[in-house]
Amino acid sequence: MRQPISRRAFFAPAAAAAPAPLPPTSAAAHLANRATFGSKPSVVAQIEAMGAAAWVDMQLEPDSIDDNAIETQLLTLIARTSINAADVRMAARAIFSKRQLAWRMAYFLNNHFATYRPKTQPISETNEDDTFRRLCYGRFADVLRASAQSPAMIDFLDSQTNVSSSPNENYARELMELHTLGVGVYTEADVAAISRVFTGWSRVNTFSGTTAIGSRFEFRSTVHTQGPKTTSLGWSTPGFAGAAGVNEGLSFLDFLAGHVETARRFVRKLCVYFVSDQPPATLVGRAVRKFCDTGGDLKATLRCILLDPDFATTATARGKAMDGFEFAVSSVRRLHLASMTSYTTLLSRVGILRALPHSTLEPTGYPEVSEEWQGPGNELARWDFASDLVNDLVSGVVVPWDRLIAKNPPLTAVEYVQPLCDLFCDGDVPPATQLALEQFMAARLATVGTSPTWTTVRPHARALAGLVLRLPEAALH
Amino acid sequence: MTRSNPTRRSFLQSSALAGAAAITVPATAKAATPRARGGNGKVCVVLFQRGGSDFLNLYAPVGDPNYAVKRPTIGVLPPGSPAGTVGLAMTPIFAMHPNMPGIHAAFTAPNSRCAVVHAVGYQPPNRSHFVSQDLYETGMMLNTTGDGWINRHLQVTTSPTNAPVRALALSGALPRALYGAYPCYNVASTQDLVFAGSAAERQLLEAVVENTVTTGMPTTLRNAYQGGVDAFGLIDLFAPLSPTTYAPANGAVYPTSTLGKGLKEIAEVIKAGLGIEFFTVDQGGWDHHHNLVSNVAPLATDLNNAITAFFQDLGALASEVVLVAMSEFGREVQQNGSNGTDHGVGGAMLVMGGQVQGGAVRGVWPTLANNALDSGRFLAASNDFRDVLREVLMNHMGGTDANVVFPGRVYQPIGVV
């Protein structure tokens, strides 16, 4: 009998061997992996040439980076109001934008403040993503306020129907549990009180002529709960009449943004996303302090994390499993395509990888931790995507073999294996695996004679690339 | 009585440490690997209604005088009402949502194997989706990051058929109930359990994930290798199945929803006799803070059609299978301003199949009287969900060590299984 297939997540976190800093090239590749949606040799070279700090600083000034190529394409690629416009735009920017770090941050924020498109207006999701991108290097308080007043959030967590005569607790609870403090800090009575603070927070459609083109925040004082509200958190309000009633909610949002539990919880989540499932306590501590000292400045906090001495070490390198969206766009991004005209198949595949943006029914958003994206089910879904991608079955993607490997097909197996391992795994493939891949390819090259053309070699290159993209190393970054 | 569980990985590691470093790709395809094939042992299917289902709407206490008062526009109406959402009579107090005629028929059938346990929960209640789901799935009231209750049961029992896989989740992520030291697996669909590629590609990839020395690799990378090993193991185990062409028996028609597909695939696996004892499947969308009537109706239909088809399809095997449907909490008794309901406390569990003592609403009914409500707002959790699960494990699944599976819980008999 075959051995029982063994337990998932059998391995406990390794005993803490002292992590060592990565050598320069590996450190540059590591930064490229975490700060972009998929490393590229050109980005690694740029980081090495500029130095990590200068490169991060450049990425932290996105408006100074010319991104016209992709932004111009987006103008005609899909209407902003289309049902899946926000998904297409997120995927296109992940693959092609030069403002990679800003979009990584916007992607993170969009997931932290998760909304569910079937319950919102599509245009709200499109607008919200652009807002998160615009605010992603500003103050957390401003992002929190933007989310609270985003028509997408207002629809998703029922703020629109939260009225004085009968409050709806949905937003108040998730605001404190998921967006800021975390469970255990507030009480059920606080949920009830805060739901009343946000009564009247609603949205109203906006029009171009007579056509509804979206919506914007509107405070409806007539359905706002009058009178004082108190919490166990040390925040209370005497209550404001009329239009000033909105200030109760704004004041509470600012209070939450400045709460130390928000800092601890939000910054740790950032570290889990950008650094490690178990981010070093030293790194987290420094990042939390930076967040608090700067009044929740996201740019300063992110810079602190990415340039921390514990960011790029043997303990963090290739230690994060990509989520389904990240794996798909990273794989495509590494193909160095000039552009894509259709994202339909790609996004349907992201759905199969269960990571379609704007699509988590539960307000937690997608998990940041690796374990949730591992295991045999996820592995098989990834393998299927890998196979389809290299076989040009993801419409809009035609693999440019002559550019990825060589203009004319090489004669030796290593000339295929090495560039593909570099491309999909940053060269991080065990020698024994590389050797097995070379033997696999050599056997196939032997069948095509001494004057191979891409027509004769392409099927074998596809099989080889499919194997490399299915390696465990290719699922991690 | 913790079973010794030598894993494939530990086996491979010991041989790897003995010096085998090179990856040897077999020249020919391996012969189909013989697997242990269990008989049709007892099976438990756990259906989680994610989001906090309004059980006062599914199994409505229309005979409680406070019900209509607190739910003037969204309540289920008593049987015999002329129009509207008219419930199907269960008992003098309770009526089932009208979109669940199949489950209602099972409930009212002679010698019924369909029961509802109402006013279910735990103390102290928590109204966070995520905390409460974790409490329900760990079965440990103090630790929401611990093992799942199913996993702990597997740790203290042995497979009656020596099956290589004892628990499978039909979902994209492993549910908390299956977390823990015992190997459990999840796939979104059994249709995914195929290798898309040539035999040569499979041989190479399988050799790589099984033979690479992962000692010293970071945890996440080692888990990535393990995921590959497990993927091939599951592909082999499920090779005899054909989920894309599977034809349900007895004229059963499953809905095309995630739940319908999941239960249909589970039925095929049960019939194949692989010896898998526990299945989990989810139905999402039960968080109806607004427009409860129109939001619950399609979910109730889906729940009814999927479960009805499942038992119809199982036929005589239904006596081997108990399905338990639950949610992380019930909803507030009083409707809110959005014609919906906010998070509450007491929920309910549907228990069907096996030797379930059906045809009754089981457990203590605390009533909706104001002085009986939890915090003055919520159906009290008079019955502990762990006691229901304990009865399933003890009386249907052949026994367990309840002190390990539900530590600290003092059992109060429900009498449902």
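A bit of housekeeping first. This is a predicted model, where local features need pLDDT of at least 70 and side-chain atom pairs count only at pLDDT 80 or more, while totals for chains, interfaces and linings use all residues. Residues are numbered from 1 along each chain as its sequence is written, chains are lettered from A and ligands numbered from 1 in the order in which they are written, and side-chain values use heavy atoms, with hydrogens and water left out.

**Stop 1: helix H5 of chain A**

Select A:Arg89, which sits in helix H5 (residues 85-96) of chain A; helices here are DSSP runs of H or I with at least four residues, strands are runs of E with at least two, and both are numbered from the N terminus. Is A:Arg89 buried or exposed? Its relative accessibility is 7%, so A:Arg89 counts as buried (buried is under 20% relative accessible area, exposed over 50%, partly exposed in between, with a 1.4 Å probe and protein chains only). Leaving out residues up to four places away in sequence, show what A:Arg89 touches: A:Leu74, A:Ile78, A:Arg80, A:Thr126 and A:Asp130 (contact means heavy atoms within 4.5 Å).

Now pick A:Glu71 and A:Arg93, whose side chains form a salt bridge at 3.0 Å, N to O (the rule asks for a side-chain nitrogen of Lys or Arg within 4 Å of a carboxyl oxygen of Asp or Glu). A:Glu71 is in helix H4 (residues 68-77) of chain A and A:Arg93 is in helix H5 of chain A, so the pair ties together parts 22 residues apart in sequence. A:Arg93 is buried, at 5% relative accessible area, whereas A:Glu71 counts as partly exposed at 23%.

**Stop 2: a salt-bridge network**

Over all chains, the structure holds 44 salt bridges. Which residues join the network? Select A:Glu169, A:Arg173, A:Glu188, B:Arg127, B:Glu332 and B:Arg377: salt bridges that share partners join them into one network.

**Stop 3: across to chain B**

Follow A:Glu169 over to B:Arg377, where the side chains meet in a salt bridge (2.7 Å, N to O). The rule finds three salt bridges across the interface of chain B and chain A. Show the whole interface and you get 81 residues of chain B in contact with 65 residues of chain A.

**Stop 4: helix H11 of chain B**

Finally, select residues 385-396 of chain B, helix H11. Nine of the twelve residues of H11(B) are buried, so to speak mostly covered; among them are B:Phe385, B:Val388, B:Leu389 and B:His396. One more click: B:Gly398 follows H11(B) and has a positive phi, near 95 degrees.

How values were computed
Expected span 1.5 Å × (residues − 1).
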